[in-house]
Amino acid sequence: MKNKINKILVAGVGGQGIVYLTNILAEAAVISDIPVSVSEIHGLSQRGGIVTAGIGLGKYNTGFIGKANVDFLIGLEPLETQRCIPYLHKNSSIIFCNYQIAPYSVNSETAKYPDVNSFADYLKEQCKEVVFVKTIPENVDSVLYNVLLLGRATKMMNFPFTAETIEKAIQNTVMDYHREKTMSAFRMGREYYSK
Amino acid sequence: MLRQTIEILTSHSHPQKRCVMGNVAIARGAIEAGVNGVFAYPGTPSTEISEVFKYVNDFQNKSEHEEKYAEQTARKIYFEYSINEKIALEKAIAFSIGHKSTMCVMKNVGMNVASDALMSITYQTIMGSLVIVICDDPGCHSSSNEQDSRYWGPMASVPVFNPATPDEAKEMTKQAFLLSAELKLPVIVRTTTRVSHSRSVINYGKINYENHSAKFDRIPEHINIPARTATAHTRLLDKLKSKAVLNLLSENSKHLTLKNSPLERGNLTQFGIITSGVSTAYLNEILHHHTIEDKVNILSLGMIHPFPEQEVLNFLEKNLKKILVLEELDPFIENAVRTLAQKNKNKSEILGKGFSVLIPTGEFSIDIITKVLEDFLNISINKEENRILDNSENYIQNLPPRPPVLCSGCPHRATFYLLKLAIPREQGELLMCGDIGCFGLGALPPLKMIDTINHMGMSISMAQGLYEAFHHSQNGKKVVALLGDGTFFHSGLTSLVNAVYTRANILVVIFDNRTIGMTGHQSHPGASQHLPKYHEIEIAPLLKGMGIEVVETFNPFDIRDGFVKLNKAMSHKGVSVIISKAPCIFLPDFKEKTNKKMKIVVDENLCNTCANHEDVSLACSRGYAPKNNLSRARAKLFAEVSIAGEEQLCPANICNHGFFNSILEGDYKSAVEIVRDKMLFARTCGDICHRPCELFSLQKEAVPIKALKKFVSSIDENFHDFTLPKSRAKNSASLNKSVAIIGAGPAGLSAAYDLAQAGYSIEIFEKENKAGGMVTFAIPDFRMDKTGFDFEAMQLKEIGVKFHFNKSLGKDFTLEKLSDEFDSVILAIGMGKSKTLDVIEKNIPFEKRLDALSFLKAFNTKALPFRDDIESVVILIIGGGNSAIDAARSAKKLNPHNKVIVSCVESAETMPAFAEEVNHAIAEDIEFIHDSFVTECSVSSSKKIEINLHSFVKKEFLKKLECNYIITAIGQQSEQPVFEKIGKEKIDMQGRIKNDKGFSGYKNIFVAGDISSGNNMSVIGAIASGKKAAVGVRKLLENYQHDYEGEKALEKLNNTPLQLSPPNESFRTKWGETRVNVLSEGQNLGRALERFNLYQSCMKCNHCIDNFGCPAMVKVNGKIKIDYSRCTLCGLCIDVCPNNAIRWEIVER
């Protein structure tokens, strides 16, 4: 049975196209005539910091995120996905990919990057719908992992929009010269993982 | 952007839904209100408002758009980023006085700069609308404070709107324009980050195309003089009481008539909440999500100054028991409510800051408001359906933080790196005053080059103020100010004028990345970004015009040029300015410069790889360079002499690279330990090694390894500390294998040292009564520290080596016996017998002739056959090797009046003795007769020896000499009978044993030292061959896989005739000759040595991570990898890598 999705959270690292992804999702809501609010936190987004964006669907729902109030999480980077655990609840749906971006603390060996597989196992044990995108087709540019993941997300039970709506939203939001690449990454996300 | 720009300029008679950001909603509100001009200074979270108008301005000014988009270009909207908020507001006021409708946009702290303009204009008058948008930042996401801008309302007596959502933001902006026009007073629209940066659906409606033609009214209000101000103040306060204001207060104070709300049902509860701004949005969501709308009455305030007294009073009078005021930051509304209640004797309990988790700092959140509601309404808000995950703490504790970093390719990183190199902060003595902007990230690791960051433009004032504070105690030492180009024009320039005026001794570094980077790459007067409407101001001539003598501009990616200029600017007394100029990576100027046909690659074999030995289990005492220590990096870029490590290899495999660089880093203890990783004799080699590592170098000058060895080993504390080798021997697992070593010379001792540390049990058999062999007996005491040698040699006892002294091979034991009793035997007995000349043996009586070895041994043991206290004598030395020189110098030491003559067959250039020893001998007045040999000799009646010398080349009579004694020093030979069982065919022409990598080919017997055929007859040659024999033993007994790691250098030593002129004489004499006081001179050793770069790849390297921190460089399994999705091809890492492991490569298509 589908759960009602009030809140979507997109998490990742500056430069991964998080705002870009929320633009598409917000447009999908507008097309579907669902009231939508988006809130982004990106203090220094282009400088490799943490970026999260919340999307509230429905009349009074804001894009602000609280404990256990995220129904659908899209994680573009595993560590940043893990940081979102407090916002998840038992009925949350999660999709996240294995594209690891080591922060300086890990590079300088003052901290350790957490084990991704054990985190994925934990999520699967805790939540009903978890997709861990472990492998990424080689020919996809890393800046398009956001739409690739979106493509895969459209095949999840609780994802609130149809693939057609998302394609329409991409048409409406993405600039002409990026549209084709975006669309093909989105479709690859749908097709590649169905094998 | 084009589509959004067209959209925002398009009027709709039927409202159109658009999902936009709060800031865009404000821009649309201004456009719908008919704004004519916008003045701004960028600053998060306000920037997107001004950006809309920047795009609008660019769009409308393109001639091709006028026809195609007639509607959107019909009414031009002027826009500028002024140089700071004060100028922006002043210009906006003037624009309004010209009857144009105006908006001025800034972030919270911007109004501090602009407030002078605001505080007085309210007493006067504006003509067209003037709306000031101020965006606050509770929680300081991107600001230096979280000041509450609502106070500008009462402070300046201007109306303030405080919207809760993007939709409200747009509507209130429109209202603000109308109100401002009506009151002829500026009106503030104040938002917070969450309103400005939230996106939601708003309606794009009709645009007001009313034409405002410019005019000027010559009225008294435009002249502010004290006589008018008092009455002006009264008039101002009256404006706030006008009908228009009261109407808007009422219109924007909403009783939220939510579905099922108590108000809707006419069923009042006793709880009321007064809220404003984003708190309203939180409240709405929570009440609806948990369907508790019926529990509380809500009054939401949209216009908060003047305070909506009537509306709040109405709410208070609904007989509410408890009133909660929800507002972020200060209790602005709360205090007004309390005053109102007190004035009206209202008895409701008023709660605000201090209640539950409400505090005046930071921003609210769903969680905070939920908790406050639970406490206020005394209910538990149901969370059962969506429970938090189990044991989540385990997965969120200790997650690595992810602070923002400068981008890959950022010119600021290049500048900081250059500053690190040029202005060493190893001791942290320089004060670096930073400023606001991207480059403030330079305060964080790994750059850490900033000591202060304050408000915008403070850097130069901070530097000059600190300079004055320390003026007397630090003797006027320079203080450094760092600021960006945008900040320089914003508020740095005026402070710099003051610095010049007051003769401050400061260095100002302007990080000129050709844009205001942090806020999204806006133009400024110094970087017009090729827009013809702007006149660009060059910084350098501007500053020179101010009288600043040193103004240097460089490209930070050209490190060498920058280094020179920085040093010049640092050494100048007074104000000096450095302009580090290179475009931000987001500008087209940067992208155009990168060469897409190239990529950057890391050579894995050079990155974090030990070039000294393959066997990583071998000891390495080289530590990672202390963080902040950049001596290797500096050496790479700026050294006068660059030498590859492989040119200065040591036959004993000592890592000269690690040794030298440890000294550069001031770590003299590690330097000694690095020597002892490979052999015992740090001080001895410092004294007597003939330094093939220096002589073989192809460069004009070599790193003075020997002198440095002498220097570091002269520090007694380190010299006497053998803890590391001892613990290595102690900790190595015992192999239960025994090795006998015959001969306790440097070869035997070196073999014992390595094997003992590898877990072997070693016994050494020595025919003399102490260890050392030729070093102890043949090297004259004055050439070296014998006590030090004895100490070093005897450390072997401490690591478990057994010595048997006074035991001779052939007399006390046989080779066969040891071979049977031990797992292996190393024969290192040296060449103990001197060669003799028949002509002397036959003609000179025994008491008047000696061989060199006997003479030197007698000299060292003070057992000379002739006395040194009687009158001087003449001594002739035959031979041109080191023993001959040692003998000659010893003979001279006996009595300075002795006449000592050396006769050798070689010329000065070809004699085998070390040049520096010969030089010493010459300096000591020892006479040399080259190209000579003895043909006849006899003893005269006066008991003197008479000698005829012939030329060796021409074979003709040369001269006749008289002397008292004659010493033959024409080389040594072995005592063959003791090892003849090894086989005659194994003995070479000189009586030395042929071998294969030290193995004699006979039983389990290895050879080392002088007895090993072909091995260089020197201390270092002996040590190396001892180590090599030890490797042979290990291969035989424990199947050890590696060859001797010093083989390459040893082979070179064995096969290359030595160069005769020492390459770096001057340096050697400076540091190498005397042990006395060398430590005190050594205080400056590091910097003096930085003229050398001895480079080689090293495993103990973390330089790029510790000091550079490019996000495109990732360490995977100890090696650097380039993350190509982040690499911007700036190429600076190539200069940064001390291992030379990074290079360009052409991309194959």
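Which residues does B:Val133 touch, not counting residues up to four places away in sequence? I looked it up: B:Ile26, B:Ser46, B:Ile49, B:Met103, B:Val105 and B:Val189, with contact meaning C-beta atoms, placed from the backbone, within 7 Å.

Ground rules for myself: this is a predicted model, where local features need pLDDT of at least 70, side-chain atom pairs count only at pLDDT 80 or more, and totals for chains, interfaces and linings use all residues. Residues are numbered from 1 along each chain as its sequence is written, and chains are lettered from A and ligands numbered from 1 in the order written.

Next, the A/B contact. I find 53 residues from chain A and 46 residues from chain B in it. On the chain A side, β2(A) gives the largest share, six residues; strands here are DSSP E runs of at least two residues and helices H or I runs of at least four, numbered from the N terminus.

I then checked β2(A) against β8 (198–204) of chain B: they pair antiparallel over three bridges, pairing being at least two DSSP bridges between two strands. A:Val38 has B:Arg199 as its bridge partner in β8(B).

Last, a sheet in chain B. Five strands run in the order β24-β23-β22-β25-β36, an open sheet with parallel pairing. β24 (802–804) and β36 (1005–1007) of chain B are at the edges with a single partner strand each, so one side of each has no neighbour in the sheet. I see B:Phe765 opposite B:His804 in β24(B).

Technical notes. Contact = placed C-beta atoms within 7 Å.
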